[in-house]
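Here are my notes for your review. Please read them alongside the sequence and the coordinates.

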Amino acid sequence: MNTVIDLIGNTPLIKLRKASEITGCNIYGKAEFLNPGLSVKDRAALWIIKDALKKNNLEKGGTIVEGTAGNTGIGITMIANYFGINTIIVINNNQSQEKKDALKNLGAKLIEVDPVPYANPNNYVKYSKKIAEEMSKTSNKKICWANQFDNIINAQAHIDTTSVEIYNQLDGNIDAFTCSSGTGGTIAGVGIGLKEKKKDIKIVLSDPDGSSLCNYIKNGKLESSGSSITEGIGASRISKNFGIAPIDDAFQVNDIDALNVTFDLLKEEGLCLGSSSGINVAGAIKLGKKMGKGKNIVTILCDVGTRYTSKLYNVEFLKSKGLPYPDWL
Ligand code: PMP
């Protein structure tokens with residue numbers, strides 16, 4: 001009998017028709033939105049919880065605490081429920097209402113905070129750590145801070161599963177992999193895993209505007225310009241997971257390109273995805289154009305579009321930001 005845990009991973013690889021046609025390459029998307037928590041982050045959440053249980057840092061009746069843009073929290077809560085563990089999630093109040101609702105509905109205790117830079121002690125990640133530390137002082141059950149940004153068991157999930165699946169699904173015929181980075185777990189783990197099997201594979205970052213990571217890869221400076229409505233990706237610091245990612249090149253991808261790709265994927269291929277998938281596929285198209293025809297390129301379809309209905313399918317919101325909107329709405 002399958003449990004919710006067994007449903008995580010082993011996602012299909014979808015050949016993306018339009019991206020492949022435009023570039024003359026084979027561009028594939030790993031369908032991570034089909035995980036039971038509807039995002040790529042289920043994998044990291046499972047590895048973090050299993051590792052904490054194994055190391056006796058967490059137990060049934062205990063509590064896991066995490067700061068998240070939402071998807072990791074959803075994965076954590078779902079898996080924690082399965083193990084009889086409580087969940088406390090700290091989230092920036094500007095994240096989509098759909099993700100906050102999903103967290104509450106799953107049973108997480110949700111703490112919303114104002115978005116502030118990482119340097120500020122009230123930053124959502126630091127605040128989640130503080131909560132875990134405070135609770136540990138008085139609780140008679142184990143309290144664990146998941147620490148997805150700097151806990152490299154996150155990347156390990158993708159070394160052990162995602163990279164192996166991608167390599168096997170293409171019988172090793174893969175030239176490049178690209179995706180965006182939130183914690184860096186996906187790009188680090190898939191990058192390390194694929195390079196172990198194929199040394200000359202190219203690992204490329206697709207980075208949204210407003211994030212400093214592309215500049216860091218290109219010229220060693222953590223500098224950014226512009227902004228993005230995407231959630232869960234982009235960063236202004238080098239997390240431990242991002243720090244171990246074997247990245248060869250990087251592209252900056254703007255929201256206009258990402259949203260046009262997101263809406264095309266829905267209208268022309270029936271794939272309803274979040275905007276980080278749009279950044280990733282737009283990055284894969286840039287990469288295909290740069291590498292030349294005939295290459296096999298893989299990216300990540302991170303989560304479902306319905307998680308962002310109030311933003312991605314809200315014409316007024318998109319118009320107010322000067323962004324494209326679906327012409328059928
Ligand atoms: N896309 C979405 C929608 C996400 O929530 C996240 C994680 N925050 C990512 C992409 C990036 O994944 P990672 O943390 O592995 O870099």
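**Notes on the predicted model**

1. Start with Ser211, which sits in the loop between E8 and helix H8 (213-219). Helices are DSSP runs of H or I with at least four residues, strands are E runs of at least two, and both are numbered from the N terminus. Ser211 has a relative accessible area of 1%, so it is buried. Buried means under 20% relative accessible area, exposed means over 50%, and partly exposed lies in between, with a 1.4 Å probe and protein chains only. The side chain of Ser211 reaches the backbone nitrogen of Ala235 at 3.0 Å. A polar contact here is a pair of N or O atoms within 3.5 Å; within protein, one must be able to donate a hydrogen and the other to accept it, and residues adjacent in sequence count only if both atoms are side-chain atoms.

2. Ground rules. This is a predicted model: local features need pLDDT of at least 70, side-chain atom pairs count only at pLDDT 80 or more, and totals for chains, interfaces and linings use all residues. Residues are numbered from 1 along each chain as its sequence is written, and side-chain values use heavy atoms, leaving out hydrogens and water.

3. Strand E8 covers residues 202-208. Of its 7 residues, 6 are buried, so E8 is largely enclosed by the rest of the structure. E8 pairs with strand E9 (residues 249-253) in the parallel sense, over 5 bridges. Two strands count as paired if DSSP finds at least two bridges between them. Ser206 has Phe251 in E9 as its bridge partner.

4. Strand E7 (residues 176-179) also pairs with E8 in the parallel sense, here over 4 bridges. Phe177 stands opposite Ile203 in E8. Cys179 has Leu205 in E8 as its bridge partner. E7 pairs with strand E10 (residues 296-301) too, in the parallel sense over 2 bridges. There, Ala176 stands opposite Ile297.

5. Which way do the side chains of E7 point? Ala176 and Thr178 point one way, Phe177 and Cys179 the other way, and all are buried.

6. E7, helix H7 (residues 185-197) and E8 form a right-handed β-α-β unit. Right-handed means that, with the strands pointing away from the viewer, the path from the first strand over the helix to the second runs clockwise.

7. The ligand site. Which residues are closest to the ligand? They are Lys41, Gly182, Thr183, Thr186 and Ser276, and 15 residues surround the ligand in total. The cut-off is a heavy atom within 4 Å.

8. A polar side-chain atom of Thr183 lies 2.6 Å from a ligand oxygen atom. A side-chain N or O atom of Asn71 is 3.0 Å from an oxygen atom of the ligand. A polar backbone atom of Gly232 is 2.9 Å from a ligand nitrogen atom. The protein covers 96% of the 390 Å² of accessible area that the ligand has on its own. Areas come from the Shrake-Rupley method with a 1.4 Å probe; for residues, only the protein chains shown count as cover.

9. Helix H11 (residues 275-291) passes a length check. Its 17 residues should span 24 Å at 1.5 Å a residue, and its end C-alpha atoms are 24 Å apart, which agrees. The expected span is 1.5 Å times one less than the number of residues. Of the 17 residues, 13 are buried, so H11 is largely enclosed by the rest of the structure. Gly292 follows H11 and has a positive phi, near 100°.

10. Two backbone angles deserve a look. Most residues other than glycine have a negative phi. Asn147 is not a glycine, yet its phi is positive, about 55°. Asn147 lies in the loop between strand E6 (143-145) and helix H6 (153-169). Its relative accessible area is 17%, so Asn147 is buried. Asn56, also not a glycine, has a positive phi of about 65°. Asn56 is in the loop between H2 and strand E3 (63-67). At 48% relative accessible area, Asn56 is partly exposed.

11. Ile48 belongs to helix H2 (residues 41-54). At 2% relative accessibility, Ile48 counts as buried. Ile48 and Asn147 are 99 residues apart in sequence but 8.7 Å apart in space, C-alpha to C-alpha.
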